[in-house]
Amino acid sequence: MRNSDSLPSVFFEKEQGFSLPTKEYSIPDIDISLQPIRSFKDLFHLKALTRIIRSPIVKNIFSARVINLSSIESLKNARRSLEDVYFRDYETSIIHIDEMHSINVDLSYEIRELKKDTYYLEHGEDYFIDYISKLYNKFDQHVTKGLEFLDNLHFNCFITDRDGTTNNYCGHYRSSIQPVYNAVFLSRFATLCTDNPIFITSAPLKNFGIIDVSVNPDSVFVYAGSKGREFLDIDLTEHRAYIDPAKQVKFDELAVKVGELEKSPDFEKFFYVGSGLQLKFGQLTIARQDVTHSIPEQESASLLQNVTDIVRGIDPDGSVFRILDTGKDIEVILTIDGQNGAKDFDKGDGLKFIDSRINLRLDRGPHLVCGDTASDIPMLEAVLEYTDDVYAIFVTKDAELAKRVVQICPNTLIVPSPDILLTILGVAALTIKRKKGRKAPGIFL
Ligand SMILES: [Mg+2]
């Protein structure tokens with residue numbers, strides 16, 4: 001694999017030269033002159049760029065500032081540059097990294113969501129909703145039913161999963177940047193219709209985690225990663241569940257040593273395929289294969305051997321770490337002593353940890369819980385331990401899961417896609433009776 005020392009020369013950001021304290025609202029002008037993507041670094045820089053543009057756009061919208069047309073042009077340029085990569089090998093969407101290596105990168109999520117964003121910004125919300133309504137069966141019926149379901153309620157807690165629930169699924173976590181329309185709909189609902197909006201995801205909080213892929217304005221949501229074991233509160237204070245400090249030191253050492261593998265040309269690719277490297281609370285995950293098996297088995301086995309050697313170097317007697325190899329991911333898990341032996345930490349435990357730190361008054365409903373898989377059920381069950389005044393919306397086409405959720409929580413609505421959930425929430429926030437509540441700084445609603 002070739003090493004790209006320089007950042008891609010494809011983009012430059014123009015200084016706008018304002019002397020007013022409005023720098024954080026400034027949307028970078030992204031200009032492109034199409035050039036080949038030479039490495040994974042180039043590719044992921046290009047993807048990260050879409051967050052750099054979207055975040056200030058959302059901030060401007062929520063501060064009642066009108067964005068300029070060149071911002072939309074920048075979003076379009078980001079999309080065009082991704083399309084240039086995507087269409088290089090149209091049949092397979094394979095990117096050739098060098099003569100020996102190629103990798104299948106699916107950029108369809110980014111391209112699709114950028115198209116939606118530019119449509120939203122160019123045509124406005126009514127036409128946008130009309131546009132996405134054509135992408136789904138019975139869209140109008142689902143949204144109307146959803147609005148009746150929410151019944152103009154103001155919720156105490158709004159506890160939601162992200163991937164597959166409020167965000168369309170994306171093959172690579174690093175690519176799953178939140179779209180502008182998504183942030184506007186969600187943050188509007190969170191600000192106007194709820195007191196405690198909380199994301200709980202199994203992905204990490206940071207490095208690369210939920211805060212790196214989100215573009216909601218600051219201080220709207222509490223972001224919880226690693227199923228709630230670590231979270232960032234509204235005041236941007238970070239909280240972490242207890243972990244034995246001696247074990248944490250070893251974990252940090254492990255993270256540094258595994259992270260150093262990225263510098264090696266033999267191992268760099270593993271940081272960009274599938275899960276990449278994820279540093280969760282008490283767990284490190286690194287991909288050794290992706291869904292399309294684009295990594296030769298010998299190279300994949302070599303990474304496993306290297307990671308195993310690093311782990312054994314830090315923990316010779318195997319008392320601190322456990323290695324779990326799924327074939328696609330290598331998971332190195334910190335052993336944790338439970339009260340009644342080992343117990344899997346779930347999102348219900350995560351919610352209780354968050355409550356112990358920031359007092360959510362869980363006995364006071366109504367609460368709204370949103371999810372899309374069985375791993376989201378524990379947070380619904382946890383809330384129901386405090387009150388029956390709970391509403392759930394699950395995004396699923398799985399009849400068995402839907403049945404299970406309805407059994408647990410009778411006030412449940414099932415919808416087939418994240419975009420339908422987003423539209424329900426975004427529109428509900430327009431019609432709700434305004435209640436004096438918490439507002440994030442800079443939110444002009
Ligand atoms: Mg999910």
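Residues are numbered from 1 along each chain as its sequence is written. Because the model is predicted, local features need pLDDT of at least 70 and side-chain atom pairs count only at pLDDT 80 or more, while totals for chains, interfaces and linings use all residues.

Colleague: What is the strand order of the open sheet of eight strands?
Modeller: Strands (E, at least two residues) and helices (H or I, at least four) are DSSP runs, numbered from the N terminus. Two strands pair if DSSP finds at least two bridges between them. The pairing in this open sheet is mixed, and the order is S7-S6-S5-S4-S3-S12-S13-S14.

Colleague: Which strands stand at the edges?
Modeller: Each edge strand has a single partner strand, so one side of each is left without a neighbour in the sheet. From one strand to the next the twist averages 15 degrees. The edge strands are S7 (238-240) and S14 (412-415).

Colleague: How many bridges join S13 and S14?
Modeller: Val395 stands opposite Val415 in S14. The two strands pair in the parallel sense, and the number of bridges is four.

Colleague: Which strands does helix H6 touch, packing on the sheet?
Modeller: H6 spans residues 180-193, and its direction makes about 140 degrees with that of S4. Axes are lines fitted to C-alpha atoms, for helices over the stretch in contact, and angles run from 0 to 180 degrees between N-to-C directions. Contact means C-beta atoms, placed from the backbone, within 7 Å. The strands touched are S3 and S4.

Colleague: Why is strand S3 largely enclosed by the rest of the structure?
Modeller: A residue is buried if 20 or more other C-beta atoms lie within 10 Å of its own, exposed if 12 or fewer, and partly exposed in between, with C-beta atoms placed from the backbone. S3 covers residues 155-160. It is largely enclosed because the buried residues number five of the six.

Colleague: In S12, which residue is the bridge partner of Thr160?
Modeller: S3 runs parallel to S4 (residues 194-200), with five bridges. There, Ile159 has Ile198 as its partner. S3 also pairs in the parallel sense with S12 (residues 367-371), over three bridges. In S12, the partner of Thr160 is Cys370.

Colleague: Which residues of H11 are buried?
Modeller: H11 (residues 377-384) is mostly covered, with six of its eight residues buried. Its cover includes S3, S4, S12 and helix H10 (347-358). Met379 and Val383 are among the residues that Ile159 touches. The buried residues are Ile377, Pro378, Met379, Leu380, Ala382 and Val383.

Colleague: Which residue takes a positive phi in the hairpin of S8 and S9?
Modeller: S8 (residues 277-280) and S9 (residues 283-287) run antiparallel, joined by four bridges. Leu279 has Leu284 as its partner in S9. Two residues lie between the strands, and the positive phi, near 75 degrees, belongs to Gly282.

Colleague: Is Glu113 buried or exposed?
Modeller: Glu113 lies in helix H3 (residues 108-123). Its C-alpha atom is 9.0 Å from that of Ile177, 64 residues apart along the chain. Glu113 has 23 C-beta neighbours inside 10 Å, so it counts as buried.

How values were computed:
Two residues are in contact if their C-beta atoms, placed from the backbone, lie within 7 Å. Lists of a residue's contacts leave out its neighbours within four places in sequence.
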